[in-house]
Amino acid sequence: MTGMSAPILTLDKVSKTFGNGPAAVRAARSISFSLHAGRALAVVGESGSGKTTCARIAMREYEPSEGRLLYKGKPVDAAGSKEIADYRRSVQMIFQDPFASLNPAHTIAYHLKRPLMLHRSDIRGAAVDEEIKALLRQVKLDPEIVAPKYPHELSGGQRQRVNIARALAAKPEVIVADEPTSMLDVSVRLGVLNLLSEMKREMNLGLLYITHDIATARYVAEDIAVMYAGQIVEWGNTGKVIDNPAHPYTKLLLSAVPDPDIRFDDPNAQVSSAEADETRRRSAATQETIREVEPDHFVRAA
Amino acid sequence: MTAPLLSVKNLTIDYIGETNDFRAVDNVSFDVAPGEVFGLAGESGCGKSTIAFAISRLHKPPALIRKESAILLDGRDVLDLNQKDLADFRWREVAMVFQSAMNSLNPVLRIEQQFYDVLKTHKRITRAQARDRTAEMLKLVDISPDRMRDYPHQFSGGMRQRIVIAICLALDPRLIVMDEPTTALDVVVQREILQRINELRRKLGFAVLFITHDLGLMVQFCDRIGIMLGGKLVEQGTADAIYRTPEHDYTKKLWASFPSLHGGVLR
């Protein structure tokens with residue numbers, strides 16, 4: 001992650017603890033990463049690894065327990081209300097569930113009009129309708145057909161495109177996408193991922209792509225961070241991390257990804273439950289030591 | 001090929017509507033041999049779960065199985081069974097693992113009791129015998145038998161899923177229908193469970209009807225695969241053929257929609 005433009009958004013040693021005392025859950029432990037214009041960072045991990053907690057901290061839904069959130073180099077918590085409003089415009093989210101994230105009582109046009117009214121004071125009157133049409137065209141939906149419809153009249157993939165259009169309406173610099181395709185059918189997933197990649201390139205957006213599917217992470221993101229038990233255990237260039245994994249948890253995760261070239265009957269392809277448990281146990285311990293595997297590829301000790 | 005264990009013939013299922021009917025399954029035929037893992041792949045709404053339900057006779061109105069259909073298990077038509085035969089048939093002949101099976105355990109009963117309920121319903125068995133059988137089944141799925149007095153919430157999602165599979169195996173069924181059995185689980189846990197099922201079917205000889213949308217996983221696990229589209233079985237063949245030489249356009253397109261770990265898409 002070197003040799004790039006200044007980061008738009010940075011998490012600097014951010015931790016988040018829920019509850020207190022012995023029952024406290026350290027959902028995120030000393031998380032650091034940056035999002036850059038025109039680049040995607042994939043955060044991958046299993047349920048409970050803390051990846052959504054990272055997304056929510058980036059969205060300012062959660063206040064970090066420790067560490068700082070920086071927007072264009074400045075701490076966000078010290079910012080005034082005007083800067084916060086700018087932050088809210090600049091960082092937009094696409095949610096996992098395309099069925100729950102649109103209001104069933106409003107038309108698609110209304111969903112896109114709201115962010116325009118709120119964040120785009122330069123657009124008023126007839127220009128609003130024009131912008132709504134342009135946004136829908138951008139996500140490859142036909143505005144004449146889709147704009148007057150209600151969410152229930154659209155398929156999951158179409159709804160997720162509306163969600164993307166809604167995020168784009170605010171002219172964001174960063175998009176946080178939390179499992180944007182996990183609830184979609186396989187044949188429409190790639191279309192949505194391609195659209196996200198296209199938007200990232202064309203509008204120079206920073207993309208935080210949260211997923212449990214490491215294969216789509218490779219498809220979408222230049223950089224990757226593998227999380228386990230609240231820590232980033234390995235990170236760097238996506239190709240390098242996947243082709244040359246150094247952390248035992250990354251290796252375990254990669255060995256379990258469905259691969260049609262390896263049959264379960266193949267004795268060399270077995271994932272041992274005992275070894276998997278041991279890897280989980282080792283990976284869950286807090287580790288401060290970090291090693292550079294190769295340029296642009298880092299791993300935490302285990 | 002030996003005589004099939006399960007033979008689905010011309011299965012047609014409609015959902016009856018007020019004005020018109022919706023054909024969910026359209027003239028589907030396939031066989032599953034004893035000990036074989038047969039996969040049904042397709043997207044939501046293609047009818048794969050409707051078939052799974054019909055095989056266990058769990059379909060309810062407005063689903064209607066059309067007259068010319070037959071589901072033969074060892075030559076006996078499941079669709080003709082009366083209520084008593086049906087009660088014998090379920091669990092003993094065919095057991096089913098649902099998508100969110102880990103949530104299908106009763107939260108207020110100990111694991112031991114849930115095994116006992118299934119065992120005593122289907123055969124004469126004492127508490128002590130049931131306990132022995134429970135211990136044996138738990139060991140099969142790598143769960144320590146001394147945990148049988150625990151409640152479901154004391155186990156992780158993957159362990160609960162394995163417990164459900166153990167209950168399904170307790171009566172030695174000859175066919176297990178698995179409808180997206182690991183979709184709600186992480187890949188590592190998914191792999192552990194399916195690998196275990198694969199070992200068990202080699203050992204115990206049951207057949208599996210495996211339903212999922214994940215083609216890569218299906219090729220790893222299944223002997224033969226059927227691809228469904230809009231209620232029709234558009235292609236079936238060995239796992240290897242479906243992977244290396246798919247014939248139907250839809251199968252090819254499905255493959256093209258899976259990104260590969262090693263860059264690009266799978267094919």
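Mentor: Chain B averages a pLDDT of 90, and 98% of its residues score at least 70. pLDDT is the predictor's confidence in each residue, from 0 to 100. The complex gets an ipTM of 0.81 and a pTM of 0.87 from the predictor. This is a predicted model: local features need pLDDT of at least 70, side-chain atom pairs count only at pLDDT 80 or more, and totals for chains, interfaces and linings use all residues. Residues are numbered from 1 along each chain as its sequence is written, while chains are lettered from A and ligands numbered from 1 in the order in which they are written.

Now the strand. E1(A) covers residues 9–18. Helices (H or I, at least four residues) and strands (E, at least two) are DSSP runs, numbered from the N terminus. Two strands pair if DSSP finds at least two bridges between them.

E1(A) runs antiparallel to E2(A), residues 25–35, with seven bridges. Here A:Leu9 has A:Leu35 as its bridge partner.

A:Asp12 has its bridge partner in A:Arg68 of E4(A).

Last, the contact between the chains. Chain A and chain B each give 29 residues. Residues are in contact if their C-beta atoms, placed from the backbone, lie within 7 Å. On the chain A side, H8(A) supplies the largest share, five residues.

Terms used. Contact = placed C-beta atoms within 7 Å.
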